[in-house]
Every structure is written in C-alpha cells, then in structure tokens.
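Open the model in your viewer and colour it by secondary structure. The stops below say what to select next and what is there.

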Amino acid sequence: MRPRILSTILATALLAGQVSAQPEEPAPAALPQARPAAVDADFPFPTSPFQPDLTPGYVLIEGDIQIRVDQYMALMAGADATFGAVTYWFNGIVPYDFVTTGGGAVSQANQNIAIQAMGMIAARAGITFRAATGSDVNRIRFQNSSFNNSPVGLQGGTQIINIVSWGTPIIICHEVYHSLGFWHEQSRADRNTYVTINANNICGSGISTPCTAGSGPTQCCLCIDNAGLCTSCAFNFNFQPGTLTYGLYDFDSFMHYGPNAFSCNGLPTIAVNPPWTNTIGQRDHFSYFDEITCRGLYPFNTDRWLDRNHTGTIGATFLLPLNNPNILTVASTIPPGATLFVKFGNTYSGVGTYTNPVTIIAPAGTVTIGN
Ligand SMILES: [Zn+2]
C-alpha cells in the first residue's frame with residue numbers, strides 16, 4: 001500500500017503462482033518479462049519522488065506491496081489485477097543483504113532481528129536464507145524505512161524489503177512472505193463469501209470521504225498516485241485472479257488485512273460475514289495455513305504431496321502431486337521419515353501394514369482410507 005499510504009502494514013497472504021517443483025535457474029536475462037525498454041540496466045523505471053525508497057521502478061499498492069510501474073498503470077486504467085502469478089525462488093534459496101550506508105542503513109541489531117525473522121520461516125518450510133555473495137544475481141535487500149513493504153515473489157535482481165517495524169519480527173515475516181510469493185489473503189477470488197468490503201468506508205470511495213488532502217473528518221488522503229495526488233484507496237481491495245489458493249479462507253493468516261484497513265471514517269472496511277466471527281488482521285503468529293502453504297511451495301527434502309484427482313505432470317510436490325489412489329503404495333515408495341500431505345478429502349485405498357515409517361497429513365480436510 002501506498003503510494004504513500006500511510007498505513008502500516010496489513011496483511012495476509014494468498015498463495016500464488018505456479019511453480020514447478022525444483023525449476024532450474026533460468027538465465028538472469030530471461031527474468032521479468034514485462035519490463036519496458038531500460039533507462040537503467042538494473043532499474044528501468046524512474047523512481048517516484050513520492051516513493052523514493054522502493055525497489056526502483058516500483059510503486060506501492062495494498063499498503064505494503066510493491067509492483068512494477070507498468071502493472072500499476074494497468075491497474076489504475078481499470079484492469080482487475082492480472083499479475084497475480086508469481087515466480088518463486090529457485091530451490092528455496094533466498095540470498096539476502098542489508099543496506100549499510102545512508103538513511104536506509106540497517107543497524108546491526110536490526111539485521112539480527114531480520115535474521116531471526118527469516119529463521120522463523122526457515123523453521124517451517126524448506127527455505128534457505130543465506131547472506132548474499134557477489135555472484136548472486138537475485139537477492140532480497142532489507143532497508144530501514146518509514147514503512148513496511150515488499151514486492152511479491154522473485155523479481156530478478158535486487159529487490160528491496162522496507163522495514164520500519166523492527167520490533168515485531170512477525171511483521172518482517174509478513175514482508176518476507178510477500179517476497180516469497182504470497183499476496184494478501186483477502187485478495188483471494190473467494191473472499192466475498194467470507195468477508196464484505198464496505199466500499200463506503202474506504203478512503204476516497206464514499207460520499208462522506210472525498211479524496212482530498214487534509215485531515216478533517218470529511219477529508220481523506222491515505223492513498224496517492226504515482227504523481228503524488230490523492231486517489232481512492234479502492235484499488236487496494238482488488239482481487240488477484242492469477243493467484244493460487246489452498247485450503248479454506250484463512251481469517252487467522254498473518255497475511256490478512258485488519259478490519260479498518262484504509263478506512264477514512266473509523267468504520268470497518270472489511271467485515272467478517274456471518275456466521276463466522278473470526279478475528280482478522282493478527283500480527284503475532286503464523287497461522288496453520290501460513291505454515292502449510294509456505295511449506296507446500298518451499299518443501300522440505302522429504303515432503304511429498306498426493307492428490308488422487310491430479311492430472312498431468314507428476315512431481316510429488318504441492319503443485320504437481322502424486323495421483324496414486326492407494327496410500328499404502330505411495331507410503332512404501334517415499335523416503336523413510338517422509339511427510340505425505342494428502343491434498344483433498346477423498347477416499348483412498350491402502351488399509352494394511354505400513355512398514356515404511358512416514359507421517360501422513362491431510363491439511364485441508366478429512367481423508368478416508370478404505371479398501
Ligand atoms: Zn502485506
């Protein structure tokens with residue numbers, strides 16, 4: 001969010017993209033497809049004077065998501081975001097470094113906190129965060145800022161993660177999740193079943209909240225465009241139709257907005273639909289599906305996925321699962337000690353004696369094993 005938005009961080013995540021299991025690293029030149037002719041070899045877009053510390057050539061949406069200027073222009077032209085698909089980090093390896101000079105320099109103490117936050121993620125998924133070396137083309141770079149924000153997924157080159165909330169490692173995790181490929185939870189295509197977006201309470205979207213500069217009760221300028229002018233914050237509530245979702249809508253995700261995100265009048269912009277009464281917008285823990293989905297996209301070495309209804313390429317991964325209807329057969333052929341995630345609630349055969357020690361989990365619902 002933000003073209004200067006001034007809100008701190010909201011968040012949640014959606015999962016996104018498609019990834020093949022362990023894609024080989026393409027040549028750097030093949031990365032991000034849609035950048036226009038370069039003005040600068042590394043950062044082709046001019047940096048907005050209103051968003052000076054983002055990854056060069058990027059602007060902010062949804063309060064804390066950096067997107068490329070061309071994507072932003074399409075969004076502002078009315079296209080419902082079509083850039084949900086993301087690129088994941090190859091083999092789960094994420095090089096990082098820190099800004100060490102100037103106003104964005106990250107103190108040693110805060111560097112340690114960022115490393116702690118990355119460790120919290122690495123404990124839950126097969127991701128290796130390591131200090132970048134000179135040969136790393138792609139990396140995340142932490143920068144001290146007045147806001148928290150990040151691009152979504154691997155961008156190619158150096159991508160900046162801005163942090164102000166150094167005292168809250170889970171917020172750093174939220175931003176790193178964006179860089180790993182997660183959108184906000186409320187961007188899911190099915191979100192209207194679970195929450196209602198109250199457009200009249202969104203800054204600049206209702207009659208009572210004209211989008212003009214100022215701080216009076218009828219004024220609101222939480223969002224500005226790339227020219228620095230006040231604009232409606234409604235675009236922050238778009239769907240991301242290109243994204244991938246998994247599991248039930250996750251109210252508890254640390255990638256979900258809070259109820260008053262971009263509110264100009266103090267009334268909720270996001271209301272949980274009955275009969276649900278869940279709290280949204282927590283920023284103190286990984287939800288169950290925050291963990292499962294990240295581990296799906298970035299698996300540990302012995303994680304395997306099974307979905308008997310899967311068609312197409314078989315990879316034993318979250319996105320390309322095994323499709324054998326017999327769990328016993330599957331369990332006998334995967335590594336000892338493996339965890340087998342069974343994707344959907346179907347009936348599988350496989351009652352019998354399992355001699356290969358594996359853990360079987362059905363994260364998104366009940367699975368029946370019969371014969
Ligand atoms: Zn976010």
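Helices (H or I, at least four residues) and strands (E, at least two) are DSSP runs, numbered from the N terminus. Counted this way, the protein chain of this predicted model has six helices and 14 strands. Of its 371 residues, 44% count as buried. Take the contacts between residues at least 6 apart in sequence: 66% of them join residues at least 24 apart.

**Stop 1**

Select strand 1 (58-61) and strand 6 (150-151), the edge strands, each of which pairs on one side only. They belong to an open sheet of three strands in the order 1-2-6, with mixed pairing.

**Stop 2: a β-α-β unit**

Select strand 3, helix 2 (residues 108-122) and strand 4; together they make a right-handed β-α-β unit. Hide the helix for a moment and look at the strands. Strand 3 (residues 93-98) pairs with strand 4 (residues 128-131) over four bridges, in the parallel sense. Which residue of strand 4 does valine 94 stand opposite? The residue is phenylalanine 129.

**Stop 3: backbone exceptions**

Most residues other than glycine have a negative phi, and most peptide bonds are trans. The next selections depart from that pattern.

Go to asparagine 91, in the loop between helix 1 (69-76) and strand 3. Its phi is near 55°, a positive value in a residue other than glycine. Asparagine 91 counts as partly exposed because it has 15 C-beta neighbours inside 10 Å, and a residue is called buried at 20 or more and exposed at 12 or fewer.

Next, select phenylalanine 262, in the loop between strand 8 (195-197) and strand 9. This residue is not a glycine either, yet its phi is positive, at about 60°. Is phenylalanine 262 buried or exposed? Phenylalanine 262 has 29 other C-beta atoms within 10 Å, so it is buried.

Finish at proline 275, in the loop between strand 9 (270-272) and helix 5 (288-297). Show the bond that links proline 275 to proline 274: this peptide bond is cis, with omega about 5°.

Terms used
Residues are numbered from 1 along each chain as its sequence is written. This is a predicted model: local features need pLDDT of at least 70, side-chain atom pairs count only at pLDDT 80 or more; totals for chains, interfaces and linings use all residues. Two strands pair if DSSP finds at least two bridges between them. A crossover is right-handed if, with the strands pointing away from the viewer, the path from the first strand over the helix to the second runs clockwise. Two residues are in contact if their C-beta atoms, placed from the backbone, lie within 7 Å.
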